[in-house]
Amino acid sequence: MPCTHLLPLLVLLLFVFPLSACAKNNKAFTIIKGNQTILSLQSIFRLGFFIPSTNGNWYLGIWYASSPKPVYVWVANRNRPVSDPDSTTLELTSTGYLILNNSRDGVVWQTDNKHPATGFRFSDSGNLILTGEDGSPVWQSFQNPTDTWLPGMNVTGQTAFTSWRTPSDPSPGLYSLRLSPSFNEFQLLHNETTPYWSTGNWTGESFVGVPEMTVPYIYSFHFDNPYTPAASFRYIVTPTSDSPGQPRLSRFVVDSNGQLKQWTLEMQNWIMFWFQPDDQCRVHALCGELGFCSSKLLTPCACIRGFLPKNAAAWESMDYSDGCSREYGDSCDGRDTFEAVGDLRYDGVVQMSRLQQVSKSSCEKSCLGNCSCVGFYHNDKSSLCKMLLEPPMNIKNSSSWTGATDDVLYIRDQIKKSSKRSVSRSIIILCCVVGSISVLGSTLFVLLILLRKSKKTKKEEEDGFAVFFPPWAAREIIQGNVDLVVDARLNGEYNNDEATRMATVAIWCIQDNEEIRPAMGTVVKMLEGVVEVTVPPPPKLIQALVSGDSYNGVGNGLSGTSCSEGRGCSDLMTGLSSPGSRSSFGGKPPSSP
């Protein structure tokens, strides 16, 4: 019998026998080592080591056991990952502390309980609890959360939820959620100091700024002792007729990009039920210094023309906080030029010098004469010049905030030719006005390519069959090789995640079975990331269209597709395969008759 099967028995023994025996021998009790995990009683949550990316860093955490893909709700060693879980153990020491012990680095994490623990339990609410001699809790993971707020978790003035640094880096990020100093509302903060969104005051039934709380649904909210230091807020999920025995799985998460999101598991897919701020560009300092923010695109941040991300690696991992810098470095050349980027605003306060009744050219000359000047606002109607003596933070379109003004922002740039990789003024305007339309237009363009490009490629399959572009492209997209499908003339100057998402959505939209094609409203949500985009089955009709074969459905020789709930779907002509799970919008992949 594998040793992992003994873990429930070991846990039971820990409750039955106190640590007095360990104390006498001065030994710790090993709970988890290596790839061992522990399930909660009803197998809702799992405790163990996990690796969120390919960088080799391992963490002790808690995640949903039944979720289609891992969703982590708590992380112990956020600041000190380990490189080898096989040499790392979770132990309950003879002195009553829970520690994470690595054979090379020693203790990398431990609890801070004031009273010694003699036992522990792992509840179905996702709470890891240390208990004292009388069985009462002396430490709980619920009182030491990371980025996730689970049902039943009491939030007090000492509780803070802190985001991950990036979607694949659990180290503490820049954004957090906590009760305000007046204990009457929740606030989202940047760097633990600057609030940028709040729920508004508690009215006795709901928060002023969250009217959705008054709508009867599956949630019940409780706020004890508001407006006092003893304030404590919690929510619970009530069972429904669809799930009378077990409430739906739900969670609030402070996203790595600063939004508070509420997720609910429905039909094995996590659906975003609610989020704030509703405009992602209202997240303070999201795009960093001289970074341009647009909530209309899949990735919110870009650099204006002549600028590049300061930290390209962090930018690719969706950490935009370092912002942008001039492509050729800082300069103080009197021949520098200025890029008009439009009626834009920024976060925070920037040191500024104001000049009254001056022309644009005079304002420009004044800025060129000051090496600290990074740009200026000029209003042709009022002849007001405002020189920016510090880089503005998180630049964004004004009209969605305060309405259009006559102030135009000009950013200082070198006289040298700017890189084509940066975002020009025309793209900024496009983002502000028709961003969502351009995304849908791009998707339709992909569809036209897949449907109408009928000439054969020069590639040949190993089995000798000629490969037509549409099914070949579908296969490469499904297998994660979207870079082979994108036009090589782009020279790799595109976001791979965006291209993969867009191409995958396009394949869903050309499914042979009309019933599983997403509606346009769902397509928008899939492109925006609100709905998870699962791997689609390969379409067969386009193969028949471009090859001249007749299409008679599943049973048409080599062009047939076979599906099963457990094994997924496979296309016999192109060799494609995809998981046989439900789609994000509730449909099922087509099955064989």
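**Salt bridges, a sheet and a helix: a short talk**

Let me begin with a group of charged residues: Asp-343, Arg-345, Lys-386 and Asp-407 are linked in a network of salt bridges, where a salt bridge is a side-chain nitrogen of Lys or Arg within 4 Å of a carboxyl oxygen of Asp or Glu. Please keep in mind that this is a predicted model, in which local features need pLDDT of at least 70 and side-chain atom pairs count only at pLDDT 80 or more, while totals for chains, interfaces and linings use all residues. Residues are numbered from 1 along each chain as its sequence is written, and side-chain values use heavy atoms, with hydrogens and water left out.

By that rule, the count of salt bridges comes to 13, and I would like to walk through a few of them. In one of these, the side chains of Asp-319 and Arg-165 meet at 3.0 Å, N to O. This pair links distant parts of the chain, 154 residues apart, since Asp-319 sits in the loop between helix 3 (312–316) and strand 26 (324–326), while Arg-165 belongs to strand 14 (residues 161–166); helices (H or I, at least four residues) and strands (E, at least two) are DSSP runs, numbered from the N terminus. Asp-319 counts as buried because its relative accessibility is 11%, whereas Arg-165, at 25%, counts as partly exposed; here buried means under 20% relative accessible area, exposed over 50%, and partly exposed in between, with a 1.4 Å probe and protein chains only.

A second salt bridge joins Arg-234 to Asp-224, with the closest N and O atoms 3.1 Å apart. Arg-234 lies in strand 19 (residues 232–237) and Asp-224 in strand 18, so the pair ties together parts that are 10 residues apart in sequence. Asp-105, in turn, forms a salt bridge with Arg-104, the closest N and O atoms being 3.3 Å apart; Asp-105 is partly exposed at 34% relative accessibility, and Arg-104 is exposed at 63%.

Finally, consider helix 7 (residues 496–509), which has 14 residues and reaches 20 Å from its first C-alpha to its last, close to the 20 Å expected at 1.5 Å a residue; the expected span is 1.5 Å times one less than the number of residues. Its buried residues include Ala-499, Met-502 and Trp-508. At the N-terminal end, Asn-495 caps helix 7, with a side-chain oxygen 3.0 Å from the backbone nitrogen of Asp-497.

How values were computed
A polar contact is a pair of N or O atoms within 3.5 Å; within protein, one must be able to donate a hydrogen and the other to accept it, and residues adjacent in sequence count only if both atoms are side-chain atoms.
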